[in-house]
Number of protein chains: 2
Amino acid sequence: MADKDHPELKLRLTLRGGEWLGPGKADLLEGIAETGSISAAGKRMKMSYKRAWGLVEVLNGMFRAPLVASSRGGAGHGGAELTEAGRDVLQLYRQMQSNAASATEVEIAELTRLADIPERK
Amino acid sequence: MADKDHPELKLRLTLRGGEWLGPGKADLLEGIAETGSISAAGKRMKMSYKRAWGLVEVLNGMFRAPLVASSRGGAGHGGAELTEAGRDVLQLYRQMQSNAASATEVEIAELTRLADIPERK
């Protein structure tokens, strides 16, 4: 999540076909893993159930295997969990974030140094 | 630029104060360096002069020193060039991209493998 006191690096990976995986979809997957519910995961991100469900449908269509398995849909807002593919994709994205952050530390520090500091205005 | 046949990694760095540097602003800086004109750089990106100029104003306000120096504004659409700070910021962003791409090769290959391949549908 964004912190005004620290620089934040966000990654978006566009895959074949033009679909992408970025911080929003990754956070939604993580929320589903943690809450066991698409609705609750969306709510944590201030997202409607409809929008969260739409993103899950996109995610399930982007990969060879679905990433999220839900026991019931619709009004019941039934339970949901990550599949093995879902856990793999989330873990790979988090690893990408971590590797990219480490590999760009020098440049981020230098860009931060070159950036205006509001307190000094 | 996006290529449907290859995965593409995009980076957005959010700095203190909430402003960010991403692929669009970096491409605009590069276009200004290459064309010597905010208008021409924007046009290459299918951007109006107004929008390109607005982004330049944001970029110039994000860092301690302006990134773009323009010899005339307004209807004349005069020449523009990157300042030393502008060249530094662009170079640092490109280095970030390159380092991040190298550091995430394994994960990108694995995510690409897990991704649906439209030709097989």
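The questions and answers below concern a predicted model. Residues are numbered from 1 along each chain as its sequence is written, and chains are lettered from A in the order in which they are written. Local features need pLDDT of at least 70, side-chain atom pairs count only at pLDDT 80 or more, totals for chains, interfaces and linings use all residues, and side-chain values use heavy atoms, with hydrogens and water left out.

Biologist: Which residues of the largest nonpolar core touch the most other members?

Modeller: A nonpolar core is a set of buried Ala, Val, Leu, Ile, Met, Phe, Trp, Tyr and Cys residues joined through side-chain atoms within 4.5 Å. Buried means under 20% relative accessible area, exposed over 50% and partly exposed in between, with a 1.4 Å probe and protein chains only. The largest such core has 66 residues, and those touching the most other members are Ile32(A), Phe63(A), Val68(A), Ile32(B), Phe63(B) and Val68(B).

Biologist: What is Val68(A) in contact with, leaving aside its neighbours within four places in sequence?

Modeller: Contact means heavy atoms within 4.5 Å. On that basis Val68(A) meets Leu29(A), Ile32(A), Ile38(A), Val56(A), Asn60(A), Ala80(A), Glu81(A), Leu82(A) and Thr83(A).

Biologist: Which element gives the most to the lining of the largest pocket?

Modeller: A pocket is an open set of points on a 1 Å grid over the protein atoms alone, where a 1.4 Å probe fits, with protein on both sides within 12 Å along at least five of seven lines; lining residues have an atom within 4 Å of a point. Helices (H or I, at least four residues) and strands (E, at least two) are DSSP runs, numbered from the N terminus. E1, H1, H3 and H4 of chain A and E1 of chain B each supply at least two lining residues. The largest share, 5 residues, comes from E1(A).

Biologist: How far apart are the end C-alpha atoms of helix H1 of chain B?

Modeller: The expected span of a helix is 1.5 Å times one less than its number of residues. H1(B) runs over residues 23-35, so its 13 residues should span 18 Å. The end C-alpha atoms agree with this, being apart by 18 Å.

Biologist: Where is Lys46(A) found, and is the residue buried or exposed?

Modeller: Lys46(A) has a positive phi, near 55 degrees, in a residue other than glycine. Lys46(A) is in the loop between H2 and H3 of chain A. Its relative accessibility is 81%, so Lys46(A) counts as exposed.
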